[in-house]
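Subject: The structure we talked about

Hi,

Here is the structure I promised to hand over. Please open it beside this email and follow along as you read.

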Amino acid sequence: MSDIIATEQTLHVSASDSYPEDYRLLELPTELAAQLEGCESASLVIRGRDTDTAILIGSDDQAYQLHTAHTSNSLYLLSQDNPHQLQLRAKLHQIFELQKTNPQIRARVLQVLESDPRGHFRGAEFESNAAGHGVTSDELLRHVQASERQMEQVLRDIPAFKHRGTGCWRIIDAGYCVELLRLILATQVEQDWQMDSLDADKVYSVLHAESSSVLFEAIEAVLCKFCLQKQPGVFSVDSQRVAQFLAEQIFATESKAWPVPEFQVALQATMPPQLPFNDMAFSDMGLWTSRQIPDTFVRSLAFATALPAHEHLLFSEQGVPAAHTLLTPVDKSTLSSDPRARLRQLFAVKNKWTARELRPFLEDLVDVDMQLLQQNDDQALSKVSKTIDAWMLKFGRGVKGPAGELIYTSRIN
């Protein structure tokens, strides 16, 4: 104990003293602190408009909402300029805390791009200046609370493309998107290419020879939208993605409850002939019951209801037969990013739900990697189920139904 030398320094602080407000303390979650300490290139970026609640984006693309927390005691920020002197830098009464969040990236991206006075891109021949002026990635990031990688994933899904000449983004008109897909598939047949190995450069070369107004960027965007990318520049057509996009367009044409047989006829009429209906996983649509809807490709586009005479079967073990099942569209872009508020919206359009029915409309709010979820990863699926169950205990009242599932009504005032 003789090696221990006691030292003491006195710091005089007056209640009337004023100190600069140039410093703020940010309390980091363990995972964020580990990122910064373990990687020199790791960074934290605050995104959003001046009117937004500030959101911090980590190097792993996780988003955190910043909250101000007041402390019961004053915090003194000190620096030691030499071994014998402490310098008081600031006296603080609050810190910033972080809370994980899932910002609604798609809605904000669409809001910014929809402001383009030229409207959606329908082909270069319809524009006096195909390059034009638009929104760059940097400009989008000033509005969108996400990482650049997350934002570009959303842009590909819309779909939108970035013009090579200007670096500006443009939404592709839905009709033109389908037209390009049909041209791509027709070219695939003419050239005798494999459906699961379409080369973007070759596709563009053939289409550009037929029409010089075709843009490579638009071709690539359509391939990204409707295909799985096997390797850089090589794509495999995904029938499910095509069907889901066409289903969105069908639901958008008329906001009504669609009888399953009527929806099937409409979808079959719009599917490209190169994608035969009877070769698809959803070819048995005529056998769908109301209970199967959450597991189909319309799972996040619509929910199941029934014709009045068959409503009593909605929560039965068999469900409502396809002939009497209605698909009621939901525009997810209008739903809140807050679980409580979103559940209020969902209970407003349907007063009784099972957790299985609600999941497609809530899972994007759960802190989980959506790619793992799409791959049916066990841990991701478990986390989503547990989180939604917790929300339903908090915001819903559950009563066991005829099929043994809990049927929830709202307890939200």
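Among contacts in the chain between residues at least 6 apart in sequence, what percentage join residues at least 24 apart? The figure is 60%, where contact means heavy atoms within 4.5 Å.

Before the details, a word on where the values come from. This is a predicted model, so local features need pLDDT of at least 70 and side-chain atom pairs count only at pLDDT 80 or more, while totals for chains, interfaces and linings use all residues. Residues are numbered from 1 along each chain as its sequence is written, and side-chain values use heavy atoms, with hydrogens and water left out.

**The whole chain**

The chain holds 13 helices and 16 strands; these are DSSP runs numbered from the N terminus, with helices being H or I of at least four residues and strands being E of at least two. Its radius of gyration is 27 Å, well over the 22 Å that the globule rule gives for 413 residues, so the chain is more spread out than a compact globule. That radius is taken over C-alpha atoms, and the rule is 2.2 Å times the number of residues to the power 0.38. Along its principal axes, the C-alpha trace spans about 85 × 60 × 45 Å. Of the 413 residues, 40% count as buried (buried is under 20% relative accessible area, exposed is over 50%, and partly exposed is in between, with a 1.4 Å probe and protein chains only).

Strands of a sheet pair through backbone hydrogen bonds, either parallel or antiparallel. Strand 2 (residues 55-57) and strand 3 (residues 63-82) pair in the antiparallel sense over 3 bridges; two strands count as paired if DSSP finds at least two bridges between them. I55 has Q65 in strand 3 as its bridge partner.

The hairpin of these two strands has 5 residues between them, and D61 there takes a positive phi near 75 degrees. Is D61 buried or exposed? With a relative accessible area of 12%, D61 is buried. Not counting residues up to four places away in sequence, D61 touches S147, R149 and Q150.

Strand 3 also runs antiparallel to strand 4 (residues 85-101), and 15 bridges join them. The hairpin between strand 3 and strand 4 passes through 2 residues, and T68 stands opposite F96 in strand 4.

**A buried arginine**

Look next at R170, in strand 7 (residues 168-171). R170 counts as buried because its relative accessibility is 4%. A polar atom of its side chain lies 3.1 Å from the backbone oxygen of G119. This is a polar contact, meaning a pair of N or O atoms within 3.5 Å; within protein, one must be able to donate a hydrogen and the other to accept it, and residues adjacent in sequence count only if both atoms are side-chain atoms. Leaving aside neighbours within four places in sequence, the contacts of R170 include D116, H120, E127 and F161.

Which residues of helix 6 (residues 200-210) are buried? They are A200, V203, V206 and L207. These residues cover an arc of only 140 degrees around the axis, which puts them on the same side of helix 6; the arc is that of the directions from the helix axis to the C-beta atoms. The face turned away from the buried side carries the exposed residues D201 and A209.

The buried residues of helix 6 pack against helix 5 (174-190), strand 8 (198-199), helix 7 (216-226) and strand 10 (234-237). At the N-terminal end, D199 caps helix 6, with a side-chain oxygen 2.9 Å from the backbone nitrogen of D201.

Strand 9 pairs with strand 10 over 4 bridges, and C227 has V237 as its bridge partner in strand 10.

**Two cores**

The largest nonpolar core has 53 residues, and those with the most contacts inside it are F251, F263, W288, F297 and L327. Such a core is a set of buried Ala, Val, Leu, Ile, Met, Phe, Trp, Tyr and Cys residues joined through side-chain atoms within 4.5 Å. Helix 7 gives the largest share of this core, 8 residues. A second, separate core of 23 residues includes W353, V368, V384 and W391.

Enjoy exploring!
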